Amino acid sequence: MSIDIWPARTSSDLNSYYPNSSSGNEINLREEFIKLIDGTSCDPQRGHWVLLKRISTRQRCSCWERVGEGEFQYSEDNRKYPEPDPRCTVCNGEGWIYKEELYKTRRRIITPPEGQGSMEKQTDFGLVNVPLIIYYFKNYVRPTEYDRIIEIDNNEDGSPLKPIVKRDTYSIITSEPFRDINGRIEYWRCATKKEELRFGESQ
Ligand SMILES: [Zn+2]
């Protein structure tokens, strides 16, 4: 079990190799995680706010496979395969309807050791070690592989800066719930990769 998202604790807090048999003595990971993200009266908030761009795959944007009419006949009809309009102001070229929601998260960066072939990416100038960024979310967030995470500016007091200032976008490669006692979801773990800039600007 990977728990190194938690800050260092004293040795007396650490989980024993021989846990008590009573479930009342089990560590409640969901509660611990919420305390870590939100902070308590004794501990500071260790989460930060991001936007979760939730893509609804049930509804295509109106720009999907749009057929041009009149003077736009050729400018819009030259697409070979069904695809969205990259300049669409509704979906920003996603092709799906989406909404953006604010969540507090915690993240860490995993750079795989050199030589792990599967983690490296062939590019024009050679092999590149691609860092994976792991995001953790509370039990009720339920992110999916269709969604994206957008870093935003946070205030010094830990609140999101308004109006929202968007920074880097991360696409989710895998989103897995961490389940514990009786299969209850304690938190979500998303492995992500930073997105390249598209169409010359970040969205
Ligand atoms: Zn669209």
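**Strands and a helix in a predicted model**

Student: Which residue does F178 stand opposite in β8?
Tutor: This model is predicted. Strand β8 covers residues 185–194. Within β8, the residue opposite F178 is Y187.

Student: How many bridges join β7 to β8?
Tutor: β7 spans residues 166–179. β7 and β8 run antiparallel. The number of bridges joining them is 9.

Student: Which residue in the hairpin of β7 and β8 takes a positive phi?
Tutor: Look between the two strands, where the hairpin has 5 residues.

Student: Which residue in β7 is the bridge partner of I152?
Tutor: Start with β6, residues 148–152. β6 pairs with β7 in the antiparallel sense, over 4 bridges. In β7, the partner of I152 is K166.

Student: Is E31 buried or exposed?
Tutor: E31 belongs to helix α1, residues 29–38. Its count is 10 C-beta neighbours inside 10 Å. The cut-off for exposed is 12 or fewer. Therefore E31 counts as exposed.

Student: What distance separates the C-alpha atoms of E31 and E186?
Tutor: Along the chain, E31 and E186 are 155 residues apart.

Student: What percentage of contacts between residues at least 6 apart in sequence join residues at least 24 apart?
Tutor: The chain has 203 residues, and 15% of them are buried. Now take contacts between residues at least 6 apart in sequence. The share joining residues at least 24 apart is 61%.

Methods:
Residues are numbered from 1 along each chain as its sequence is written. This is a predicted model: local features need pLDDT of at least 70, side-chain atom pairs count only at pLDDT 80 or more; totals for chains, interfaces and linings use all residues. Two strands pair if DSSP finds at least two bridges between them. A residue is buried if 20 or more other C-beta atoms lie within 10 Å of its own, exposed if 12 or fewer, and partly exposed in between; C-beta atoms are placed from the backbone. Two residues are in contact if their C-beta atoms, placed from the backbone, lie within 7 Å.
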